[in-house]
Amino acid sequence: MEAGKPETAPVPPTDVEVSHRDRVIFPDSGQTKGDLADYYAAIAPLMLPFATNRPISLVRCPQGQEKACFFQKHDNGSFGPHVSHVPIREKDGATKPYLYVTDRQGLIACVQMGTIEFHGWGARADDVDRPDRMIFDLDPDEGIDFTECTRAARDIQARLADLGLASFPMLTGGKGMHVVVPLRRGHGWEAHGTFAKQFAETMSRAEPDRFVATSSKARRKGRIFIDWLRNQRGNTAVLPYSTRARAGAPVAVPIAWDELDAMENAHPYSIDDADALLEHAKSLEGWGCAEQSLPEPSDADA
Ligand code: ATP
Ligand code: MN
């Protein structure tokens, strides 16, 4: 580091310039846009395996986490050369340019544009109609203890294991968890969504006091919503290591199954913890990786 410039930690080189580095974007905890860019620069090696070459949607908050944020799916060409585009045909037949990144520079370019959250499709950009990742998003109703959420994640893991599927837990940095099921590409969105729906419905039928499989707020009362709808074409889920546009600058973090019981909430890490996350990741080898396919549909699942 140059003498006389001790104020910032060394950041790996990227040619993406981050403007307004001193702008505070998490007013409660004080982190700046520069802090956010440094966080992404540091954890890029952990995040990129899950984030690259995948259509993404961004939560942009150009004036910080507390001010107006918007969910952006398409690019109007303003993100610069490090953010790529893939044309995707939408439900109404129109084709729109979706965003994806391939490297650290791409992540930083999004931060430069005011991005706080990165959400990913369940399919990669080179074949958006063949999903490779299933996600069960556990959304506990207010007042539900987090241990109920971790217990639900374990139950989902066990039921998936019965079907021959390995799965991996992630704390969202918000209120709940995601259980992530990596899949070999082959099947389409129809089979993907149907499997996820039937799986969630089977859980809620078996234990209706604990689980619901529909998003209706009324039915969710006192229960955990197993949101399987992330597994439909065009829907997204927050990506591992993404920051959240919530107070305190929390991040979504993959964890190991054997860490789950020690977790008190879904947001134990923030963007201040890049070093701890890099250390933590050493115990996560193989997280999110498994060569496996959906089981053949059977009448018993219906
Ligand atoms: P939490 O643990 O707090 O629930 P989460 O990331 O699962 O965190 P949800 O509110 O359950 O948050 O949202 C589930 C997913 O829905 C998000 O991860 C995101 O990808 C998607 N989503 C959220 N807001 C929008 C939006 N405005 N438009 C489209 N999709 C959205
Ligand atoms: Mn959720």
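Predicted model: local features only at pLDDT ≥ 70, side-chain atom pairs only at ≥ 80, totals over all residues.
Residues are numbered from 1 along each chain as its sequence is written, chains are lettered from A and ligands numbered from 1 in the order in which they are written, and side-chain values use heavy atoms, with hydrogens and water left out.

Helices (H or I, at least four residues) and strands (E, at least two) are DSSP runs, numbered from the N terminus. An open sheet with mixed pairing is made of 6 strands, in the order β11-β12-β8-β10-β9-β14; two strands pair if DSSP finds at least two bridges between them. Strands β11 (211-212) and β14 (253-254) form the edges, and each pairs on one side only. Within the sheet, β8 (residues 133-140) is antiparallel to β12 (residues 224-227), with 4 bridges between the two strands. Asp 139 has Phe 225 of β12 as its bridge partner.

Helix α4 (residues 189-206) lies across β8, β11 and β12 and runs at about 35 degrees to β8. Axes are lines fitted to C-alpha atoms, for helices over the stretch in contact, and angles run from 0 to 180 degrees between N-to-C directions. Helix α3 (residues 146-162) packs with α4 at an angle of about 120 degrees, the two axes being 12 Å apart. The two helices α3 and α4 are therefore oblique to each other (angles under 35 degrees count as roughly parallel, over 145 as roughly antiparallel, 65 to 115 as roughly perpendicular and the rest as oblique). On the α3 side the contact (heavy atoms within 4.5 Å) is made by Asp 155, Ile 156, Arg 159 and Leu 160, and on the α4 side by Phe 195, Phe 199, Thr 202, Met 203 and Ala 206. The contact of α3 with α4 comprises 6 nonpolar, 1 polar and 2 charged residues; Ala, Val, Leu, Ile, Met, Phe, Trp, Tyr, Cys and Pro count as nonpolar, Asp, Glu, Lys and Arg as charged, and the others, Gly among them, as polar.

In α1, residues including Leu 36, Tyr 40, Ala 44 and Leu 48 meet residues of α2, among them Arg 104, Leu 107 and Val 111. By class, the contact of α1 with α2 has 11 nonpolar, 1 polar and 2 charged residues.

Strands β5 (residues 83-89) and β6 (residues 95-101) are paired in the antiparallel sense over 7 bridges. Opposite Pro 87 stands Pro 97 in β6. The hairpin of β5 and β6 has 5 residues between the strands, and Gly 93 in this hairpin takes a positive phi near 95 degrees.

The whole structure contains 1 disulfide, a disulfide being a pair of cysteine sulfur atoms within 2.5 Å. Cys 61 and Cys 69 form a disulfide with their sulfur atoms 2.3 Å apart. The torsion about the S-S bond of Cys 61 and Cys 69 is about 110 degrees, so this disulfide is right-handed.
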